[in-house]
Amino acid sequence: TEVMTLKGNGSVGIGTSTPQAELHVHDPAGHAKIRLSGTATDADTFEIYQGITGVTNGGLTIHDVEASADRLVINSSGNVGIGNSSPASWAKLDILGSGGSQTGVTQALHVSSPSTTAGEGVGIRLNAASGSHEAVGIMGMVNNASGNAGSMTFHTYNGGGNIPERMRID
């Protein structure tokens, strides 16, 4: 029985004699798995699953073998879970953080600005489906380029170049 095919164009098929990509792994049971190992042991080993139990057509999971944990899941609805193997049905992005004290908690989401210039920052914009109906923006601003001082500002958009600040938390 043929289990692997190497085509003249360099494409490799495992479980298929007609690879459709450079590496095409096909499992008729729908549980194709690719294992990536960094060492001879299972340290730094990840597995990429397609169509695992509970995820149908189009799902993808990146699984950390050493920690026995799913690190990234894209389910069949397109919802993404980071650190969460079952992203909420109502959230396109569901990030599972970790608990802890105020000073020891791990940040679940980190959005970074490329600038350390005072008065500049990075933000999150929330708007309707049409770009002309922007609603609100939350920005992290640098107050003092030589220190750690910063503020969170809230803005409303009016569709023009002016983005007025409505509230600031220093």
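Analyst: Let us begin with the word "contact", which means that heavy atoms lie within 4.5 Å. With that in hand, we can say that among contacts in the protein chain between residues at least 6 apart in sequence, 6% join residues at least 24 apart. Please keep in mind throughout that this is a predicted model.

User: How do you know how much confidence the predictor places in the protein chain, and which elements have the lowest and the highest mean pLDDT?

Analyst: The pLDDT expresses the predictor's confidence in each residue on a scale from 0 to 100, and its average over the protein chain is 74, with 69% of the residues scoring at least 70. Among the elements, strand β5 (residues 46-50) has the lowest mean, 63, whereas strand β8 (residues 80-82) has the highest, 90.

User: What makes residues 51-56 a stretch to read with care?

Analyst: Over residues 51-56 the pLDDT stays under 50, and the model gives this stretch 12 contacts beyond four places in sequence. Where pLDDT is low, the predicted coordinates should not be read in detail.

User: What secondary structure does the protein chain have, and what share of its residues is buried?

Analyst: The protein chain has 0 helices and 13 strands. As for burial, 23% of its 170 residues count as buried, and the protein chain exposes about 11400 Å², of which carbon and sulfur atoms supply 55%.

User: Why do β1 and β3 count as edge strands?

Analyst: The open sheet has 3 strands in the order β1-β2-β3, with mixed pairing. Because β1 (4-6) and β3 (23-25) each have a single partner strand, one side of each is left without a neighbour in the sheet, and they therefore stand at its edges. From one strand to the next, the twist averages 10°.

User: How do you know that β1 and β2 are paired?

Analyst: Two strands pair if there are at least two bridges between them, and β1 is joined to strand β2 (residues 12-14) by 3 bridges, with the strands running antiparallel. In this pairing, T5 stands opposite G13 in β2.

User: Which strands pair with β7, and over how many bridges?

Analyst: Strand β6 (residues 60-64) pairs with β7 in the antiparallel sense over 5 bridges, and β7 pairs with β8, also in the antiparallel sense, over 3 bridges.

User: Why is N79 called buried?

Analyst: Buried means under 20% relative accessible area, and because N79 has a relative accessibility of 4%, N79 counts as buried. N79 belongs to the loop between β7 (69-74) and β8, where the residues that N79 touches, beyond four places in sequence, include V73, I74, P87 and W90.

User: What makes the approach of N79 to S89 close enough for a polar contact?

Analyst: A polar atom of the N79 side chain lies 3.2 Å from the backbone oxygen of S89, and the cut-off for such a pair of N or O atoms is 3.5 Å, so the distance lies within the cut-off.

User: Why is M152 called partly exposed, and which residues is M152 in contact with?

Analyst: M152, placed in strand β12 (residues 150-156), has a relative accessible area of 39%, which falls between 20% and 50%, and so M152 is partly exposed. Leaving aside neighbours within four places in sequence, M152 is in contact with I138, M139, M167, R168 and I169. The C-alpha atoms of M152 and I138 are separated by 7.0 Å, although these residues are 14 apart along the chain.

Terms used:
Residues are numbered from 1 along each chain as its sequence is written. This is a predicted model: local features need pLDDT of at least 70, side-chain atom pairs count only at pLDDT 80 or more; totals for chains, interfaces and linings use all residues. Side-chain values use heavy atoms; hydrogens and water are left out. Helices (H or I, at least four residues) and strands (E, at least two) are DSSP runs, numbered from the N terminus. Axes are lines fitted to C-alpha atoms, for helices over the stretch in contact, and angles run from 0 to 180 degrees between N-to-C directions. Buried means under 20% relative accessible area, exposed over 50%, partly exposed in between (1.4 Å probe, protein chains only). A polar contact is a pair of N or O atoms within 3.5 Å; within protein, one must be able to donate a hydrogen and the other to accept it, and residues adjacent in sequence count only if both atoms are side-chain atoms. Accessible areas come from the Shrake-Rupley method with a 1.4 Å probe; for residues, only the protein chains shown count as cover.
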